[in-house]
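User: Could you take me through the model I have open? I would like to begin with the charged side chains.

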Amino acid sequence: MGEASDAARSVVAQFRRDGFVAPESAERAEFDVWDRMTAGRVLLLAVQILLKLREEDGRNDLGRPVPGLEEEEARLMVRTLLGDATAAPETSRRDLITLDRLLELLASVITEESLSDEEVDALLEAAEEGYRAVGPWDESDDRRPLGGELVDLGGLLVPTEPGLKIELMASRRDGSLVGVTLIRGRTAIQLQAFRALGDTSWATVREDLARTMRGRGGSAEERVGPAGPELQAVVRIQGPPGKDRQTVRVLGHDGPGWILRGFVTGVGAEPDSTEEWPYDTFQGTVVRLPSAPSATDPLIRLRWPESGI
């Protein structure tokens with residue numbers, strides 16, 4: 001087993017033995033750490049895998065009650081774990097997904113399904129492998145897939161394909177390249193990377209973005225997509241009445257020392273869109289931190305590719 005899944009196994013064993021999360025297990029799980037692989041991340045995906053398998057078998061019951069939760073709250077939490085975007089905002093507002101509740105669900109399903117220790121180990125290994133297979137990636141991460149063609153833009157290496165249009169975005173202040181927009185058909189995604197300074201994270205950036213969008217007369221709703229928590233929003237833009245709003249979808253990811261943000265526009269940003277290309281592009285992007293970063297400017301600068309665009 002990998003280090004994270006091995007730690008997750010110890011946490012599960014302690015919880016099933018004692019019926020509560022011991023302090024050392026909480027510390028080992030690192031449930032609030034999301035910029036690297038942790039036992040907490042493995043446990044979260046393991047629960048999602050089991051719930052999805054039960055759903056595919058037509059079993060939507062929860063097993064035994066989740067301590068501390070009303071039935072409606074437990075169902076709301078499970079819907080979110082299964083990827084229901086409409087349930088995610090309320091689940092987040094009530095802080096329903098906690099380590100002890102995840103372990104209670106996991107232990108309940110393990111008991112109901114009569115899973116052996118070997119089967120639990122295999123589940124945790126699969127969960128860890130599932131997280132390792134998904135980007136965005138740090139350039140130094142030796143787990144990232146090596147297949148697929150990437151365009152080297154300095155601070156970002158982005159996936160490309162025939163017919164893809166790539167536009168670099170320059171700063172109005174000094175002309176440096178601060179972002180890239182990739183366009184495929186009627187969908188576009190603009191990518192920008194930032195160094196994570198202080199306690200900045202995708203969660204704090206997402207909260208600030210939503211507040212700004214609403215303050216400027218738009219709307220922003222948090223949901224859970226294939227790349228994790230995101231914003232489904234409508235923003236005000238310059239234009240005549242009736243054409244002064246734009247639908248966007250904002251993706252984000254915490255890396256080791258950086259944050260990658262993606263603004264999706266066009267058909268792929270519509271609330272009912274199931275287009276996978278923006279997510280594949282976002283999750284296939286590689287971030288390269290600068291060797292001599294600015295002390296005050298968090299933006300990770302780009303450059304023109306040596307082979308041109």
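**Salt bridges and secondary structure**

Analyst: In this predicted model, arginine 223 and glutamate 230 form a salt bridge through their side chains, at 2.9 Å from N to O.

User: Are those two buried or exposed?

Analyst: Both arginine 223 and glutamate 230 are buried.

User: How many salt bridges does a search of the whole structure find?

Analyst: The search returns 24 salt bridges.

User: Which residues are linked in a network?

Analyst: One network of salt bridges links Glu72, Glu73, Glu90, Arg93 and Arg94.

User: What does aspartate 121 form a salt bridge with?

Analyst: The partner of aspartate 121 is arginine 9, and their closest N and O atoms lie 3.5 Å apart. This pair links distant parts of the chain, since aspartate 121 belongs to helix α7 (residues 117–132) and arginine 9 to helix α1, 112 residues apart.

User: Why does aspartate 121 count as buried?

Analyst: Aspartate 121 counts as buried because its relative accessibility is 18%, and the cut-off for buried is under 20%. Arginine 9 has 34% relative accessibility and therefore counts as partly exposed.

User: And what does aspartate 152 form a salt bridge with?

Analyst: Aspartate 152 pairs with arginine 303, the closest N and O atoms being 3.2 Å apart. Here too, distant parts of the chain are linked: aspartate 152 is in strand β2 (residues 150–152), whereas arginine 303 is in the segment after β11 (286–287), 151 residues apart. Aspartate 152 counts as partly exposed, at 26% relative accessibility. Arginine 303 is also partly exposed, with a relative accessible area of 31%.

User: Let us turn to helix α1. How many residues does it have, and what span does it reach?

Analyst: Helix α1 covers residues 3–18, which is 16 residues. From first C-alpha to last it reaches 23 Å, close to the expected 22 Å.

User: Which residues in α1 are buried?

Analyst: The buried residues in α1 are Ala4, Ser5, Ala7, Ala8, Val11, Val12, Gln14 and Phe15.

User: Now the strands. How many bridges join β4 to β5?

Analyst: Strand β4 (residues 165–170) and strand β5 (residues 177–184) run antiparallel and are joined by 6 bridges. Alanine 170 has leucine 177 in β5 as its bridge partner.

User: What do β4 and β5 form, and how many residues are between them?

Analyst: They form a hairpin with 6 residues between the strands. In the turn, glycine 175 has a positive phi of about 80°.

Key. Residues are numbered from 1 along each chain as its sequence is written. This is a predicted model: local features need pLDDT of at least 70, side-chain atom pairs count only at pLDDT 80 or more; totals for chains, interfaces and linings use all residues. Side-chain values use heavy atoms; hydrogens and water are left out. Helices (H or I, at least four residues) and strands (E, at least two) are DSSP runs, numbered from the N terminus. The expected span of a helix is 1.5 Å times one less than its number of residues. Buried means under 20% relative accessible area, exposed over 50%, partly exposed in between (1.4 Å probe, protein chains only). A salt bridge is a side-chain nitrogen of Lys or Arg within 4 Å of a carboxyl oxygen of Asp or Glu. Two strands pair if DSSP finds at least two bridges between them.
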